[in-house]
Amino acid sequence: LTITNLAKGDKNEIKVNKNLKAKGDITITNEEAAINVGQGASMSGASVTITATADDVVVDGGTITANSGNINLTADNAVPMNNGSVSATAGNVSMTANDAVTINNGAISAAAGSVNMNVVNNMTINDGSITANAVNVTAPELLVNGGIIKATTVEASQKMTLTGGTVNTA
């Protein structure tokens with residue numbers, strides 16, 4: 001399933017506010033504005049790729065699941081996650097942002113794989129969680145504020161700050 005909004009006029013935001021399910025891969029690209037997976041929305045496919053080439057990828061209470069492959073979220077701006085969840089059952093989760101990635105009470109899981117983040121500004125967890133075999137963060141700072149990272153290996157390319165948060169490694 002492929003959805004593409006080309007940059008051809010009005011800035012149309014793509015909002016997923018119901019259930020979007022595919023047996024194969026899901027690819028959503030917006031060249032004009034943000035992509036928002038809203039409260040109560042559910043998106044699942046073999047793999048899921050969401051790209052906003054001009055704005056944010058927002059997980060605002062919704063659920064994104066890859067049943068057999070990877071999840072890739074790429075934003076020209078930021079990836080804010082508020083009370084949502086992103087879960088790759090058998091693969092990896094990758095997030096790339098030209099601004100920041102912020103997890104506010106959300107959960108990221110790659111039970112059999114890794115969570116990889118490449119962020120121009122900071123990666124911040126506010127009472128959220130990341131669970132994976134490995135967590136790799138390339139960012140000026142990884143801030144864990146009241147959240148938890150549970151992984152066998154946790155690597156931050158630069159500074160890691162824990163403020164009321166925990167990092168559990170096996």
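Trainee: With which residue does Glu141 form a salt bridge?

Mentor: Bear in mind throughout that this is a predicted model. A salt bridge requires a side-chain nitrogen of Lys or Arg within 4 Å of a carboxyl oxygen of Asp or Glu. The closest N and O atoms of the pair are 3.7 Å apart, and the partner of Glu141 in this salt bridge is Lys159.

Trainee: How many residues apart in sequence are the parts that this pair ties together?

Mentor: Glu141 belongs to strand E18, residues 141-145, while Lys159 belongs to strand E21, residues 159-163. The pair therefore ties together parts whose separation in sequence is 18 residues.

Trainee: Is Glu141 buried or exposed?

Mentor: The cut-off for the buried class is a relative accessible area under 20%. For Glu141 the relative accessible area is 14%, and the residue is accordingly classed as buried.

Trainee: Which elements make up the secondary structure, and why can the chain be called as compact as a globular protein of its length?

Mentor: The protein chain has zero helices and 22 strands. Its radius of gyration is close to the value that the globule rule gives for 170 residues, so the chain is as compact as a globular protein of that length.

Trainee: What percentage of the contacts with a separation of 6 or more comes from residues 24 or more positions apart?

Mentor: The contacts considered here are those in the protein chain with a separation of 6 or more. Among these, the share that belongs to residues 24 or more positions apart is 11%.

Trainee: Which residues does Ser44 contact, leaving aside neighbours within four places in sequence?

Mentor: Ser44 is found in strand E6, residues 42-45, and its relative accessibility of 12% places it among the buried residues. With those neighbours left aside, Ser44 is in contact with Leu20, Lys21, Ala22, Ile26, Thr65 and Asn67.

Trainee: Where is Asp127 placed in the chain?

Mentor: Asp127 counts as partly exposed, with a relative accessibility of 48%. Its C-alpha atom is separated by 4.9 Å from that of Asn105, a residue 22 positions apart along the chain, and Asn105 is also one of its contacts, together with Asn145, Gly146 and Gly147. The place of Asp127 is the loop between strand E16 (123-126) and strand E17 (129-138).

Trainee: In which strand does Asn145 lie?

Mentor: Asn145 is partly exposed at 24% relative accessibility. Not counting residues up to four places away in sequence, Asn145 touches Thr124, Ile125, Asn126, Asp127 and Thr163. The strand in which Asn145 lies is E18.

Methods:
Residues numbered from 1 in each chain as written. Predicted model: local features only at pLDDT ≥ 70, side-chain atom pairs only at ≥ 80, totals over all residues. Heavy atoms only, no water. Helix = DSSP H or I, 4+ residues; strand = E, 2+ residues; numbered from the N terminus. Rg over C-alpha atoms; globule rule 2.2 N^0.38 Å. Contact = heavy atoms within 4.5 Å. Buried < 20%, exposed > 50% of the residue type's maximum accessible area, 1.4 Å probe, protein only.
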